[in-house]
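Please walk through this structure with me, one feature at a time. We start with the terms and then turn to the residues.

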Amino acid sequence: DSSRASKKPFKVLATETLSEKALDADVYNAVATEKVDGTCCYVTNYKGQPYLWARLDRKPNKQADKRFKKFLHSKESAKEFHWKTEEDFKPVPECWIPAKEIEKQNGKPVPDENGHIPGWVPVEKGSKQYCWHSSVVNYEFGIALVLRHHPDDPGVLEISAVPLSELLEQTLELIGTSINGNPYGLGSKKSPLHFLTPHGAFQVRNLPTLKHNDLLSWFEDCREGQIEGIVWHCGDGCLIKVHRHHLGLRWPLPDTYMNSKPVIINMNLNLSNYDCAFDNQSLFNQFSKIDKQKFERLKDIILDV
(Lines give C-alpha, C1' and ligand atoms only; values in the text may rest on other atoms or scores of the structure.)
Protein backbone atom coordinates (compact mmCIF):
# COMPACT_ATOMS: atom_id res chain seq x y z
CA ASP A 1 0.00 0.00 0.00
CA SER A 2 1.72 3.15 -1.14
CA SER A 3 -0.97 5.51 0.15
CA ARG A 4 1.59 7.27 2.27
CA ALA A 5 3.25 10.56 3.02
CA SER A 6 6.78 11.46 3.95
CA LYS A 7 7.78 13.95 6.60
CA LYS A 8 8.47 17.45 5.40
CA PRO A 9 9.49 20.75 6.97
CA PHE A 10 6.71 23.25 7.61
CA LYS A 11 8.41 26.34 6.21
CA VAL A 12 9.62 25.89 2.67
CA LEU A 13 12.66 27.92 1.66
CA ALA A 14 14.69 27.58 -1.52
CA THR A 15 18.11 26.00 -1.11
CA GLU A 16 21.33 27.09 -2.80
CA THR A 17 21.34 24.01 -5.04
CA LEU A 18 18.89 22.73 -7.64
CA SER A 19 16.83 19.71 -6.56
CA GLU A 20 17.36 16.33 -8.15
CA LYS A 21 13.77 16.47 -9.42
CA ALA A 22 14.54 19.73 -11.28
CA LEU A 23 17.73 18.34 -12.80
CA ASP A 24 16.02 15.08 -13.83
CA ALA A 25 13.29 17.10 -15.55
CA ASP A 26 15.93 19.13 -17.45
CA VAL A 27 14.90 22.45 -15.92
CA TYR A 28 17.68 24.24 -17.84
CA ASN A 29 15.76 23.67 -21.08
CA ALA A 30 12.28 24.26 -19.63
CA VAL A 31 9.90 27.09 -20.56
CA ALA A 32 9.76 29.64 -17.73
CA THR A 33 6.38 31.31 -17.12
CA GLU A 34 4.89 33.71 -14.59
CA LYS A 35 3.16 32.12 -11.60
CA VAL A 36 -0.14 34.01 -11.44
CA ASP A 37 -1.79 34.50 -8.04
CA GLY A 38 -5.38 33.27 -8.08
CA THR A 39 -7.30 30.03 -7.68
CA CYS A 40 -6.77 27.03 -9.93
CA CYS A 41 -9.49 25.90 -12.39
CA TYR A 42 -9.84 23.26 -15.07
CA VAL A 43 -11.93 22.95 -18.24
CA THR A 44 -13.32 19.54 -19.15
CA ASN A 45 -16.65 18.12 -20.31
CA TYR A 46 -19.68 17.78 -18.05
CA LYS A 47 -23.26 17.08 -19.11
CA GLY A 48 -21.99 16.77 -22.69
CA GLN A 49 -20.37 20.21 -22.98
CA PRO A 50 -17.17 21.99 -21.90
CA TYR A 51 -17.50 23.22 -18.30
CA LEU A 52 -15.33 25.19 -15.90
CA TRP A 53 -14.35 23.16 -12.82
CA ALA A 54 -13.27 24.59 -9.45
CA ARG A 55 -10.45 23.12 -7.37
CA LEU A 56 -11.70 21.06 -4.44
CA ASP A 57 -9.25 18.98 -2.45
CA ARG A 58 -10.55 15.96 -0.62
CA LYS A 59 -9.34 16.37 2.95
CA PRO A 60 -8.97 13.94 5.85
CA ASN A 61 -11.61 13.78 8.57
CA LYS A 62 -10.77 14.94 12.12
CA GLN A 63 -9.49 11.60 13.40
CA ALA A 64 -7.31 10.91 10.37
CA ASP A 65 -5.98 14.48 10.37
CA LYS A 66 -5.01 14.11 14.04
CA ARG A 67 -3.14 10.86 13.27
CA PHE A 68 -1.40 12.48 10.29
CA LYS A 69 -0.30 15.59 12.23
CA LYS A 70 0.97 13.38 15.06
CA PHE A 71 3.00 11.43 12.48
CA LEU A 72 4.47 14.66 11.03
CA HIS A 73 5.52 15.91 14.46
CA SER A 74 6.76 12.59 15.77
CA LYS A 75 10.44 11.75 16.07
CA GLU A 76 9.80 8.10 15.25
CA SER A 77 11.80 6.37 12.60
CA ALA A 78 8.66 5.50 10.60
CA LYS A 79 9.10 7.25 7.27
CA GLU A 80 5.65 6.61 5.86
CA PHE A 81 2.06 7.27 6.84
CA HIS A 82 -0.60 4.81 5.70
CA TRP A 83 -3.98 6.13 4.64
CA LYS A 84 -7.24 4.20 4.47
CA THR A 85 -8.80 6.12 1.59
CA GLU A 86 -12.35 4.93 2.21
CA GLU A 87 -12.48 5.68 5.95
CA ASP A 88 -10.04 8.58 6.38
CA PHE A 89 -11.52 11.23 4.09
CA LYS A 90 -14.45 13.61 4.27
CA PRO A 91 -17.17 13.00 1.66
CA VAL A 92 -17.12 15.05 -1.55
CA PRO A 93 -19.95 15.79 -4.03
CA GLU A 94 -20.83 12.92 -6.36
CA CYS A 95 -19.60 14.89 -9.40
CA TRP A 96 -16.10 15.38 -7.85
CA ILE A 97 -13.21 14.01 -9.92
CA PRO A 98 -9.57 13.56 -8.80
CA ALA A 99 -6.90 15.63 -10.58
CA LYS A 100 -5.29 13.77 -13.49
CA GLU A 101 -1.68 14.02 -12.36
CA ILE A 102 -2.09 12.40 -8.94
CA GLU A 103 -0.59 9.04 -8.15
CA LYS A 104 -2.97 6.07 -8.00
CA GLN A 105 -2.69 2.85 -6.04
CA ASN A 106 -5.02 -0.05 -6.96
CA GLY A 107 -7.04 2.44 -9.00
CA LYS A 108 -7.52 4.75 -6.00
CA PRO A 109 -6.00 8.25 -5.66
CA VAL A 110 -3.10 8.58 -3.22
CA PRO A 111 -3.07 11.66 -0.93
CA ASP A 112 -0.24 14.18 -1.44
CA GLU A 113 2.35 15.23 1.16
CA ASN A 114 -0.23 17.54 2.82
CA GLY A 115 -2.68 14.68 3.21
CA HIS A 116 -5.02 16.05 0.52
CA ILE A 117 -6.36 14.47 -2.67
CA PRO A 118 -6.48 17.29 -5.26
CA GLY A 119 -9.58 17.30 -7.43
CA TRP A 120 -12.30 19.27 -9.19
CA VAL A 121 -16.04 20.02 -9.06
CA PRO A 122 -18.06 21.49 -11.94
CA VAL A 123 -19.14 25.13 -11.60
CA GLU A 124 -22.88 25.28 -12.19
CA LYS A 125 -24.56 28.36 -13.68
CA GLY A 126 -25.55 30.75 -10.89
CA SER A 127 -23.59 28.79 -8.26
CA LYS A 128 -23.50 30.68 -4.95
CA GLN A 129 -20.46 28.88 -3.60
CA TYR A 130 -18.50 29.46 -6.81
CA CYS A 131 -20.12 32.76 -7.88
CA TRP A 132 -16.83 34.34 -9.05
CA HIS A 133 -15.98 31.27 -11.14
CA SER A 134 -19.51 31.37 -12.55
CA SER A 135 -19.12 35.07 -13.49
CA VAL A 136 -16.40 34.32 -16.08
CA VAL A 137 -18.30 31.67 -18.08
CA ASN A 138 -21.50 31.56 -20.10
CA TYR A 139 -22.56 27.99 -20.85
CA GLU A 140 -25.43 28.98 -23.14
CA PHE A 141 -22.88 30.28 -25.65
CA GLY A 142 -19.96 28.16 -24.41
CA ILE A 143 -17.60 31.09 -23.76
CA ALA A 144 -15.15 32.18 -21.05
CA LEU A 145 -13.68 35.58 -20.19
CA VAL A 146 -9.92 35.21 -20.67
CA LEU A 147 -6.90 37.44 -20.02
CA ARG A 148 -3.75 36.68 -22.03
CA HIS A 149 -1.21 38.36 -24.33
CA HIS A 150 -2.48 40.07 -27.44
CA PRO A 151 -1.72 37.61 -30.30
CA ASP A 152 0.05 40.29 -32.37
CA ASP A 153 1.82 42.16 -29.59
CA PRO A 154 3.28 40.39 -26.53
CA GLY A 155 3.71 43.79 -24.85
CA VAL A 156 -0.07 44.22 -24.68
CA LEU A 157 -2.63 42.23 -22.67
CA GLU A 158 -5.98 41.26 -24.14
CA ILE A 159 -9.31 40.47 -22.49
CA SER A 160 -11.53 38.41 -24.79
CA ALA A 161 -14.44 35.96 -24.91
CA VAL A 162 -12.90 32.58 -25.79
CA PRO A 163 -14.87 29.41 -26.69
CA LEU A 164 -14.63 26.96 -23.78
CA SER A 165 -14.04 24.25 -26.41
CA GLU A 166 -10.66 25.92 -27.15
CA LEU A 167 -9.70 25.59 -23.47
CA LEU A 168 -10.61 21.90 -23.08
CA GLU A 169 -8.25 19.93 -20.81
CA GLN A 170 -6.38 23.10 -19.81
CA THR A 171 -5.80 24.38 -16.30
CA LEU A 172 -6.23 28.10 -15.70
CA GLU A 173 -5.99 30.61 -12.89
CA LEU A 174 -9.05 32.62 -11.85
CA ILE A 175 -7.89 36.07 -10.72
CA GLY A 176 -9.72 39.16 -9.58
CA THR A 177 -11.37 41.32 -6.94
CA SER A 178 -12.53 38.56 -4.60
CA ILE A 179 -9.71 36.04 -5.06
CA ASN A 180 -6.69 35.74 -2.72
CA GLY A 181 -6.92 39.33 -1.48
CA ASN A 182 -6.81 40.75 -5.05
CA PRO A 183 -3.02 41.16 -5.45
CA TYR A 184 -3.43 42.82 -8.89
CA GLY A 185 -5.90 45.47 -7.66
CA LEU A 186 -8.66 44.50 -10.11
CA GLY A 187 -12.14 46.06 -10.00
CA SER A 188 -13.80 47.10 -6.75
CA LYS A 189 -16.25 45.72 -4.19
CA LYS A 190 -19.06 47.61 -5.92
CA SER A 191 -17.96 46.42 -9.33
CA PRO A 192 -16.02 43.12 -9.02
CA LEU A 193 -13.84 42.03 -11.91
CA HIS A 194 -12.56 38.50 -12.63
CA PHE A 195 -10.81 36.71 -15.51
CA LEU A 196 -9.31 33.35 -16.36
CA THR A 197 -5.64 33.18 -17.30
CA PRO A 198 -4.39 29.95 -18.92
CA HIS A 199 -1.45 28.40 -17.07
CA GLY A 200 1.79 29.17 -18.87
CA ALA A 201 0.23 32.15 -20.71
CA PHE A 202 2.88 34.66 -19.60
CA GLN A 203 6.36 33.55 -20.59
CA VAL A 204 9.23 35.05 -18.60
CA ARG A 205 11.56 36.65 -21.12
CA ASN A 206 14.74 37.97 -19.50
CA LEU A 207 15.29 35.18 -17.01
CA PRO A 208 18.43 35.11 -14.87
CA THR A 209 20.61 32.03 -14.41
CA LEU A 210 19.22 29.42 -12.05
CA LYS A 211 21.50 30.50 -9.20
CA HIS A 212 19.99 31.43 -5.85
CA ASN A 213 21.50 34.93 -5.69
CA ASP A 214 20.76 35.74 -9.33
CA LEU A 215 17.12 34.75 -8.90
CA LEU A 216 16.93 36.76 -5.68
CA SER A 217 18.24 39.95 -7.26
CA TRP A 218 16.07 39.42 -10.37
CA PHE A 219 12.93 39.24 -8.21
CA GLU A 220 14.06 42.27 -6.20
CA ASP A 221 15.46 44.59 -8.87
CA CYS A 222 13.92 43.74 -12.26
CA ARG A 223 10.61 45.08 -13.56
CA GLU A 224 9.84 41.59 -14.92
CA GLY A 225 10.60 40.19 -11.47
CA GLN A 226 7.60 41.91 -9.86
CA ILE A 227 5.63 38.66 -10.05
CA GLU A 228 4.48 36.05 -7.52
CA GLY A 229 6.85 33.39 -8.78
CA ILE A 230 8.12 31.34 -11.71
CA VAL A 231 6.83 28.02 -13.03
CA TRP A 232 9.18 26.04 -15.28
CA HIS A 233 7.29 23.78 -17.73
CA CYS A 234 9.67 20.89 -18.38
CA GLY A 235 9.71 18.67 -21.46
CA ASP A 236 8.49 15.62 -19.49
CA GLY A 237 5.40 17.48 -18.19
CA CYS A 238 7.00 18.16 -14.82
CA LEU A 239 6.40 21.60 -13.25
CA ILE A 240 9.09 23.23 -11.10
CA LYS A 241 7.96 26.24 -9.05
CA VAL A 242 9.66 29.04 -7.13
CA HIS A 243 7.58 31.48 -5.12
CA ARG A 244 8.92 34.80 -3.79
CA HIS A 245 8.27 33.45 -0.27
CA HIS A 246 10.72 30.60 -0.95
CA LEU A 247 13.40 33.29 -1.30
CA GLY A 248 12.25 35.17 1.79
CA LEU A 249 10.71 37.96 -0.33
CA ARG A 250 7.33 39.55 0.24
CA TRP A 251 4.19 39.19 -1.82
CA PRO A 252 1.84 40.85 -2.74
CA LEU A 253 3.60 43.97 -4.04
CA PRO A 254 2.18 47.48 -4.47
CA ASP A 255 3.22 47.51 -8.13
CA THR A 256 3.08 44.23 -10.07
CA TYR A 257 4.50 43.43 -13.50
CA MET A 258 0.98 42.42 -14.57
CA ASN A 259 -0.03 46.08 -14.12
CA SER A 260 2.83 47.47 -16.20
CA LYS A 261 1.29 46.62 -19.58
CA PRO A 262 -1.56 48.23 -21.53
CA VAL A 263 -4.67 46.09 -22.01
CA ILE A 264 -7.16 46.00 -24.87
CA ILE A 265 -10.73 44.67 -24.78
CA ASN A 266 -11.40 42.35 -27.72
CA MET A 267 -14.68 40.53 -27.12
CA ASN A 268 -15.18 39.43 -30.76
CA LEU A 269 -18.87 38.84 -30.15
CA ASN A 270 -21.58 39.36 -32.72
CA LEU A 271 -23.85 41.22 -30.34
CA SER A 272 -27.06 40.63 -32.30
CA ASN A 273 -26.68 36.93 -31.35
CA TYR A 274 -25.94 37.64 -27.72
CA ASP A 275 -28.10 40.60 -26.69
CA CYS A 276 -30.86 38.64 -24.98
CA ALA A 277 -28.43 36.14 -23.51
CA PHE A 278 -26.45 38.32 -21.12
CA ASP A 279 -28.16 39.88 -18.17
CA ASN A 280 -27.19 43.49 -17.48
CA GLN A 281 -24.92 42.64 -14.59
CA SER A 282 -22.93 40.00 -16.46
CA LEU A 283 -19.25 40.65 -17.13
CA PHE A 284 -19.79 39.66 -20.78
CA ASN A 285 -22.40 42.41 -21.13
CA GLN A 286 -20.21 44.96 -19.30
CA PHE A 287 -17.16 44.19 -21.44
CA SER A 288 -19.20 44.26 -24.66
CA LYS A 289 -20.03 47.89 -23.80
CA ILE A 290 -16.33 48.82 -23.68
CA ASP A 291 -15.24 46.56 -26.55
CA LYS A 292 -12.13 47.71 -28.46
CA GLN A 293 -11.18 50.18 -25.72
CA LYS A 294 -7.57 50.32 -24.55
CA PHE A 295 -6.47 50.93 -20.95
CA GLU A 296 -3.05 51.87 -19.60
CA ARG A 297 -3.17 48.94 -17.15
CA LEU A 298 -5.56 46.35 -15.72
CA LYS A 299 -6.10 48.43 -12.58
CA ASP A 300 -7.68 51.19 -14.67
CA ILE A 301 -10.63 49.12 -15.87
CA ILE A 302 -13.70 50.26 -13.95
CA LEU A 303 -17.03 48.83 -15.05
CA ASP A 304 -20.33 50.71 -14.77
CA VAL A 305 -22.75 48.85 -12.60
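Buried means under 20% relative accessible area, exposed means over 50%, and partly exposed lies in between (1.4 Å probe, protein chains only). This is a predicted model: local features need pLDDT of at least 70, side-chain atom pairs count only at pLDDT 80 or more, and totals for chains, interfaces and linings use all residues. Residues are numbered from 1 along each chain as its sequence is written, and side-chain values use heavy atoms, with hydrogens and water left out.

Take His 194 as the opening case. His 194 sits in strand S12, residues 194-198. Helices (H or I, at least four residues) and strands (E, at least two) are DSSP runs, numbered from the N terminus. His 194 has 1% relative accessibility, so it counts as buried. What does the side chain of His 194 reach at 3.0 Å? It reaches the backbone nitrogen of Ser 178. The backbone nitrogen of Thr 177 is also listed, 3.4 Å from a polar atom of the His 194 side chain. Such a polar contact is a pair of N or O atoms within 3.5 Å; within protein, one must be able to donate a hydrogen and the other to accept it, and residues adjacent in sequence count only if both atoms are side-chain atoms.

Now for the charged pairs. Side chains of opposite charge can pair when their charged atoms come close. A salt bridge here is a side-chain nitrogen of Lys or Arg within 4 Å of a carboxyl oxygen of Asp or Glu. The whole structure holds 10 of them.

One joins Lys 35 to Glu 228, with the closest N and O atoms 3.2 Å apart. This pair links distant parts of the chain, 193 residues apart. Lys 35 belongs to strand S1 (residues 31-35), while Glu 228 is in the loop between helix H5 (212-221) and S13. Lys 35 is partly exposed at 22%. Glu 228 is buried at 6%.

Another salt bridge joins Lys 108 and Glu 86, at 3.9 Å from N to O. Lys 108 lies in strand S6 (residues 108-109) and Glu 86 in helix H3 (residues 85-88), so this pair ties together parts 22 residues apart in sequence. Lys 108 is partly exposed at 40%. Glu 86 is exposed at 58%.

Asp 255 and Arg 223 also form a salt bridge, their closest N and O atoms being 3.5 Å apart. Asp 255 is in the loop between S14 and strand S15 (263-265), and Arg 223 is in the loop between H5 and S13, so the pair ties together parts 32 residues apart in sequence. Asp 255 is partly exposed at 39%. Arg 223 is partly exposed too, at 33%.

The loop between S14 and S15 also contains Pro 252. A cis peptide bond joins Trp 251 and Pro 252, with omega about 5°.

Asn 106 is not a glycine, yet its phi is positive, about 50°. Asn 106 lies in the loop between strand S5 (104-105) and S6. Is Asn 106 buried or exposed? At 73% relative accessibility, it counts as exposed. Asn 182 has a positive phi near 50°. The loop between strand S11 (171-176) and S12 holds Asn 182. Asn 182 is buried, at 16%.
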